[in-house]
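This report starts with the nonpolar core, then turns to the fold and to one residue on a helix.

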Amino acid sequence: MIVCSCNVLSDSQIRSAIASGTPCARLKQVYTSLCCAAKCGRCARAIKAILEDHKQAPMKVGSPEAADAAASISSS
Ligand code: FES
């Protein structure tokens, strides 16, 4: 599902970036890790929710969930 329409970022891409170990504790770091920047900001709440989900149930690098997320990035 596309979370950020300005940068065409999916929730899978965001979850994969967070799980990759790239510093993504802050919203700005999420955009930076995906080589983009916030534009309109409408996606901020959704990305923050994904960050919160990750804090509560981290996706490990190499896990099936991370592999699925990585596959979705390579196919987009
Ligand atoms: S929807 Fe993400 S910056 Fe506009």
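The largest nonpolar core has 12 residues: Val3, Cys4, Leu9, Ile14, Ala17, Ile18, Ala19, Cys24, Val30, Tyr31, Cys43 and Ile47. Such a core is a set of buried Ala, Val, Leu, Ile, Met, Phe, Trp, Tyr and Cys residues joined through C-beta atoms within 7 Å.

H1 gives the largest share, four residues. Helices (H or I, at least four residues) and strands (E, at least two) are DSSP runs, numbered from the N terminus.

This is a predicted model: local features need pLDDT of at least 70, side-chain atom pairs count only at pLDDT 80 or more, and totals for chains, interfaces and linings use all residues. Residues are numbered from 1 along each chain as its sequence is written.

The protein chain has four helices and two strands. From the N terminus, their order is β-β-α-α-α-α. Of its 76 residues, 22% count as buried. Buried means 20 or more other C-beta atoms within 10 Å of a residue's own; exposed means 12 or fewer; partly exposed lies in between; C-beta atoms are placed from the backbone.

Val3 touches Leu9, Ser10, Asp11, Ile14, Cys43, Ala46 and Ile47, leaving out residues up to four places away in sequence. Contact means C-beta atoms, placed from the backbone, within 7 Å.

Glu52 sits in helix H3 (residues 44-56). Why is Glu52 exposed? Because it has 10 other C-beta atoms within 10 Å.

Methods
Two residues are in contact if their C-beta atoms, placed from the backbone, lie within 7 Å.
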